[in-house]
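Thanks for coming, everyone. Please look at the screen, and I'll walk you through this one quickly.

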Amino acid sequence: MSEVKIIGVVGGGQMGSGIAQVAAMHGVDVVLHDLDHRALSKASSSISSSIDRFVSKGTLSQAAGVEVLKRVRFTTNLEDFHTADFIIEAIVESEEVKKSLFVKLDKIAKSSAILASNTSSISITRIASSTTRPCQVIGMHFMNPPPLKKLIEIIRGADTSDETFATTKALSQRLGKVVITSQDYSGFIVNRILMPMINEAFFTLYTGVATKEDIDKGMKLGTSHPMGPLELADFIGLDVCLSIMRVLHAGLGDNKYAPCPLLVQYVDAGRLGRKRGIGVYKYSEEPRSTKSSSRL
């Protein structure tokens, strides 16, 4: 099992920048890619701000914070991944888009490199089938936000080798994470349980059982959830929740996973949650974008 010295991360959004930060904080050199210069600029600012918060809280020294920032390189050129030992994809939750990317990564990455997807629901086996190295493709699902959440969900595809799994698990633990392992079924572990709960919260609102405030208050105070399901949906992104519910519905073939019409309507209206300034709730302090972010 070879040591991972350089990690490539595709996607400069909240997840991709967070993953890059986690790797850099644990001594790994990172190349962070996005096609959009503005996304990379935002990612750089986000990582710097997050590091400053760690320093101000005393969990990271000023000198260590400077070194973390030095370990992250930003690029718009995928060819810069040719030296990476391990590449993590963190782009839009679309199977076709991910497959298209993996075809490119397969051609660029060195033969020994592992290709991992941060997908939260899509089949690793199908993503791997787009490459010539399915034994070196694996799911590595970080929780949001990666610098704060301790969990990584590892998903083995049908052809994922024992060596790929062992390397991925060792890397996850090196990054200070607790590992759980899922078989390659739609939604894996966390979202197989979480997303139907969020969907049911939308049905509870849709059918007039209760107000959004009481639904969230009930789950926070009644079951000790840190966030209510509707508030959490806004944080995740309603488009992401809808995409995962559609993956569950199609992959598991049970109508209990059918997305709530209200969730569909909100997404159709562009009410995607915090990143748009409006979702189930309004966030007036955050400017509403004119288009959906594809990098969460």
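Start with Val-9. Val-9 has a relative accessible area of 0%, so Val-9 is buried. Buried means under 20% relative accessible area, exposed means over 50%, and partly exposed is in between, with a 1.4 Å probe and protein chains only. Val-9 sits in strand β1, residues 6-10. Helices here are DSSP runs of H or I with at least four residues, strands are runs of E with at least two, and numbering goes from the N terminus.

A word on the source. This is a predicted model: local features need pLDDT of at least 70, side-chain atom pairs count only at pLDDT 80 or more, and totals for chains, interfaces and linings use all residues. Residues are numbered from 1 along each chain as its sequence is written, and side-chain values use heavy atoms, with hydrogens and water left out.

Back to Val-9. What does Val-9 touch, not counting residues up to four places away in sequence? The list is Gly-16, Ile-19, Ala-20, Val-30, Val-31, Leu-32, His-33, Phe-81 and Ile-88. Contact means heavy atoms within 4.5 Å. Val-9 and Ala-170 are 161 residues apart in sequence, and 18 Å apart in space, C-alpha to C-alpha.

Next, Ser-17. Ser-17 lies in helix α1, residues 14-25. Its relative accessibility is 5%, so Ser-17 counts as buried. Leaving aside neighbours within four places in sequence, Ser-17 contacts Gly-11, Gly-12, Leu-32, Ala-43, Ser-46 and Ile-47. Leu-32 is also in contact with Val-9.

Now Glu-200. Glu-200 is in helix α7, residues 190-206. Buried or partly exposed, at 48% relative accessibility? Glu-200 counts as partly exposed. Glu-200 and Ala-170 are 30 residues apart in sequence, yet 36 Å apart in space, C-alpha to C-alpha.

Now the whole chain. The protein chain has eleven helices and eight strands. The radius of gyration is 19 Å, close to the 19 Å that the globule rule gives for 296 residues, so the chain is as compact as a globular protein of that length. That radius is taken over C-alpha atoms, and the rule is 2.2 Å times the number of residues to the power 0.38. Buried residues make up 50% of the 296.

Last, confidence. The chain averages a pLDDT of 94, and 96% of the residues score at least 70. The pLDDT is the predictor's confidence in each residue, from 0 to 100. Over residues 286-296 the pLDDT is below 50. Beyond near neighbours in sequence, that stretch has 36 contacts in the model.
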